[in-house]
Amino acid sequence: MTLPLVTIMIPTYNQEEYISEAVQSALKQDYKNLEIIVADDCSDDNTEAIVKKFDNDPRLRYVRNPVNLGRVGNYHNCVHELAQGEWVINLDGDDFFTSSSFVSDAVNSILQLDDHEIVAYCFHQPIDIIRRLFPIKQISENSFLCEGKDYFLHYYRHGGFGHHSILWRKDIGLKIGMYLIPWQACDFHAIIRIFLNGKIILDDRQIAHWRVHGQNTTILQVEDKQRQAQLTFDAIEAYAKDFFSDAKLKKWREGMNKAAYTDYISSHVFYLRNFKSLKLLLLNPYFKKWYFRSWFKLIFNR
């Protein structure tokens with residue numbers, strides 16, 4: 001059986017401190033039909049020299065953009081112009097994979113099922129929560145098959161996937177358009193719409209590490225996070241109208257709004273820890289785990 005080509009795209013900009021670990025973690029993959037694209041968005045540090053130390057590996061391709069495209073533009077260009085794989089996964093230049101076999105595991109599961117409606121394989125999923133919300137079918141010790149529409153509608157209740165933990169079909173991505181909105185959650189907008197186009201496989205294993213540092217977009221744009229979330233939901237809702245009734249979408253939007261506000265508060269506390277963070281917590285005394293964790297973070301700086 002011919003294995004499909006998988007693209008690991010590594011968009012980067014001035015991440016010389018981290019890029020070597022990102023590239024090495026991609027090169028450690030044991031999958032046999034792999035391309036790794038480092039899309040350098042005109043870095044003015046030593047990123048290029050560091051990446052070119054790995055030039056002897058034919059799986060790796062370094063591409064330097066002729067002009068700076070910005071975070072979203074670099075994502076978009078990498079998928080629409082550079083990636084050749086049938087399946088794609090994104091690894092930002094400051095993150096790294098912790099598993100060397102996850103691509104093989106995912107592709108093997110997809111091929112064994114021989115189900116052409118599968119559009120994505122999602123790692124690091126809260127299976128125990130999800131199985132109480134909607135039907136999922138176990139296909140191996142760690143993986144489960146479900147309808148992407150079910151995952152979408154209940155997202156605000158099980159909430160979360162990492163950009164670096166989703167292997168998705170490029171043909172579907174190109175069809176709907178990837179990385180189209182100029183906001184922090186451009187990855188969420190891109191991936192969640194893919195799910196609506198078929199079935200997805202859920203896996204509870206964690207296969208990558210999201211590195212937190214002062215230059216993360218999540219941290220830099222905390223103050224604007226709530227506004228950007230609402231704009232992102234507007235764009236997703238407009239696309240999802242072809243899949244759901246108005247009543248189902250209304251319930252989804254209400255749930256997403258509440259979840260986004262909770263995320264805004266917790267992000268404020270975790271990353272900024274200022275007077276505004278304290279005020280947000282005082283005004284929202286919900287008896288939930290995130291609330292007590294937020295107080296602990298604010299008080300003990302941990």
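Modeller: Before the rings, a definition: Phe, Tyr and Trp rings (for Trp, the six-membered one) pair if their centres lie within 6.5 Å, and the planes make the pair stacked under 30 degrees apart, edge-to-face over 60 and tilted otherwise. This is a predicted model, in which local features need pLDDT of at least 70 and side-chain atom pairs pLDDT 80 or more, while totals for chains, interfaces and linings use all residues. Residues are numbered from 1 along each chain as its sequence is written, and side-chain values use heavy atoms, without hydrogens and water.

Colleague: Fine. How many aromatic pairs does a search of the whole structure find?

Modeller: The search gives 14 aromatic pairs. In one of them, Tyr155 and Phe188, the ring centres are 5.1 Å apart and the planes stand at 45°, so the pair is tilted.

Colleague: Where are Tyr155 and Phe188 in the chain?

Modeller: Tyr155 is in helix α7 (residues 155-158) and Phe188 in helix α9 (residues 186-195), so this pair links distant parts of the chain, 33 residues apart. Helices here are DSSP runs of H or I with at least four residues, strands are runs of E with at least two, and both are numbered from the N terminus.

Colleague: Are Tyr155 and Phe188 buried or exposed?

Modeller: Tyr155 and Phe188 are both buried, meaning under 20% relative accessible area, where exposed is over 50% and partly exposed is in between (1.4 Å probe, protein chains only).

Colleague: What about Phe233 and Trp252?

Modeller: That pair is edge-to-face, with 6.1 Å centre to centre and 70° between the planes. Phe233 belongs to helix α11 (residues 225-240) and Trp252 to helix α12 (residues 246-271), so the pair ties together parts 19 residues apart in sequence. Phe233 and Trp252 are both buried.

Colleague: Which residues form one aromatic cluster?

Modeller: Tyr151, Tyr155, Phe161, Phe188 and Phe195 do.

Colleague: Changing topic: which residues have the most contacts inside the largest nonpolar core?

Modeller: Tyr151, Phe152, Phe161, Trp168, Tyr179, Phe195 and Ile200, in a core of 52 residues. Helix α9 gives the largest share of this core, seven residues. A nonpolar core is a set of buried Ala, Val, Leu, Ile, Met, Phe, Trp, Tyr and Cys residues joined through side-chain atoms within 4.5 Å. There is also a second, separate core of 34 residues, with Ile10, Val38, Ile89 and Ile110 among them.

Colleague: What is Tyr179 in contact with?

Modeller: Leaving aside neighbours within four places in sequence, the contacts of Tyr179 (heavy atoms within 4.5 Å) include Met9, Val72, Tyr75, His163, Trp168 and Ala190.

Colleague: Trp168 again. Which residues of strand β9 are buried?

Modeller: In β9 (residues 166-169), Ile166 and Trp168 on one side and Leu167 and Arg169 on the other are all buried, which leaves both faces covered.

Colleague: Which strands pair with β9 in the antiparallel sense?

Modeller: Strand β6 (residues 118-122) does, over three bridges, and Ala120 stands opposite Trp168. Strand β4 (residues 87-90) also runs antiparallel to β9, joined by two bridges, with Val88 opposite Trp168. Pairing takes at least two DSSP bridges between the strands.

Colleague: And helix α1, what covers its buried residues?

Modeller: The cover includes β1 (6-12), β2 (34-40), α2 (47-51), β3 (60-64) and β5 (96-97). The buried residues in α1 (residues 19-27) are Ile19, Ala22, Val23, Ser25, Ala26 and Leu27.

Colleague: Last one: how many helices and strands has the protein chain?

Modeller: The chain has 14 helices and 11 strands. Of its 302 residues, 54% are buried.
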